[in-house]
Amino acid sequence: MEVSNKQVIYRDYITGFPKETDFVLNTTTISLKLPDESNGVLVKNLYLSCDPYMRILMRKVQDNNIFTSYIPGSPITGFGVAKVLDSKHPNFKEGDLVWGTTSWEEHSHITNPETLFKIEHTDVPLSYYTGILGMPGMTAYAGFYELCSPKKGECVFISSAFGAVGQLVGQFAKLTGCYVVGSAGSKEKVDLLKNKLGFDAAFNYKEEQDLEEALKRFCPDGIDIYFDNVGGKMLDAVILNMRPRGRIAACGMVSQYNLEEPEGVKNLIQVIFKQIRIEGLSVFNYYYLYPKFLDMILPHIKEGKIVYLEEINEGLESAPAALIKLLSGCNVGKQVVVVARE
């Protein structure tokens, strides 16, 4: 049996800032039964995740062992939540709920289902598996606890603190007993960081003429841990404000993704003087910790000790606009697209 299958198609490699017109909606057909020779799964996509790393894939990626560029003329891919309709793989059966990499379309044939995670806990919103219980949650958990080795009383600074990862890092830091400061791009986000997510302090980087002075004001005794989501000028200013033997988790460089020529970092000599450790974070290396992560975070969610803010967009047709909204920093909460509610 074949059914129609709406898709979001990526037109071509993008320079500068992406636009909605860089994507096109297409309708094709797909069989709801897998061929006998398949070792994959056929899924109905329920929720799609919009994430900053997707901007990297819109250009021709070279010398990169983590990401593969999107293929012009094909559906874009990303993390999502789906329901298995047919399976030729021993680890999955019809009716299973899963999260992992899928295509931006109504139904997908996933040929490498080994990358999928079966969803066992359905007493929380399924959309959470695009965020707090999915890749962003694991990124926050591994980056903060494994790379940063936090200690009670330390000062933690998080850039893009209202993002899908940053909002969790801040709450993990508070649970650890740290002093937590975040930066964001609007007054609304700053207010939510302080009043909803429990940050000790936060500021709008767009209103600061001198980032180094702003950090001195909000972190007068220096920064022990910097969770970097933006890179660029903020990273340069943070290095000057790091304490000796501080730790920097390099998670994202969103300020650089639309630049043809990346900005340089001028203050790296301070890494030597202050014996700062900078380490890049690839969440894929830490997925073996996922069961341990769930054991930690699920009780916190159910007890209300950790909150998670989402911005929900209805329908696959809304996906290009939702992605552009995320990349422009106009979203308020984790950006999620609902394709179907089962």
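Guide: A salt bridge is taken here as a side-chain nitrogen of Lys or Arg within 4 Å of a carboxyl oxygen of Asp or Glu. The model is a predicted one.

Visitor: How far apart are the closest N and O atoms of arginine 217 and glutamate 208?
Guide: The cut-off for such a pair is 4 Å between the nitrogen and the carboxyl oxygen. Arginine 217 and glutamate 208 form a salt bridge under that rule, and their closest N and O atoms are separated by 2.7 Å.

Visitor: How many salt bridges does the structure hold?
Guide: Side chains of opposite charge can pair when their charged atoms come close. Counted over the structure, the number of salt bridges is 19.

Visitor: In which helix do glutamate 213 and lysine 216 both lie?
Guide: The side chains of these two residues, glutamate 213 and lysine 216, meet in a salt bridge with an N to O distance of 3.8 Å. Glutamate 213 is partly exposed at 40% relative accessible area, and lysine 216 is likewise partly exposed, at 39%. They are three residues apart, about one turn of the helix, and the helix that holds both is H4 (residues 211-218).

Visitor: How many residues apart in sequence are the parts that lysine 233 and glutamate 263 tie together?
Guide: Lysine 233 forms a salt bridge with glutamate 263, in which the closest N and O atoms are 2.5 Å apart. Because lysine 233 lies in helix H5 (residues 232-241) and glutamate 263 in the loop between strand S12 (242-250) and H6, the pair ties together parts whose separation in sequence is 30 residues.

Visitor: Which residues of H5 are buried?
Guide: Eight of the ten residues of H5 are buried, so this helix is largely enclosed by the rest of the structure. The buried residues are Gly232, Met234, Leu235, Asp236, Ala237, Val238, Ile239 and Asn241.

Visitor: Which members of the largest nonpolar core touch the most other members?
Guide: In soluble globular proteins, nonpolar side chains tend to be buried together. The largest nonpolar core has 84 residues, and those that touch the most other members are Trp99, Leu133, Phe172 and Leu323.

Visitor: How many disulfides does the structure hold?
Guide: A disulfide needs two cysteine sulfur atoms within 2.5 Å. The closest cysteine sulfur to that of cysteine 148, which is buried at 0% relative accessibility, belongs to cysteine 178 and is 9.6 Å away, so this pair is too far apart for a bond. For cysteine 251 the closest cysteine sulfur is in cysteine 148, at 9.8 Å, again too far for a bond. The number of disulfides in the structure is zero.

Visitor: How much accessible area do Ile269, Ile272 and Phe273 have together?
Guide: Isoleucine 269 has its place in helix H6 (residues 269-273), and with 46% relative accessible area it is partly exposed. Ile269, Ile272 and Phe273 form a nonpolar patch on the surface, and their accessible area together is about 340 Å².

Key. Residues numbered from 1 in each chain as written. Predicted model: local features only at pLDDT ≥ 70, side-chain atom pairs only at ≥ 80, totals over all residues. Heavy atoms only, no water. Core = buried A, V, L, I, M, F, W, Y, C linked by side-chain atoms within 4.5 Å. Buried < 20%, exposed > 50% of the residue type's maximum accessible area, 1.4 Å probe, protein only. Patch = residues over 30% accessible without salt bridge, like charges linked within 9 Å, V, L, I, M, F, W, Y side chains within 5 Å. Areas by Shrake-Rupley, 256 points an atom, 1.4 Å probe, with all protein chains shown as cover. Helix = DSSP H or I, 4+ residues; strand = E, 2+ residues; numbered from the N terminus.
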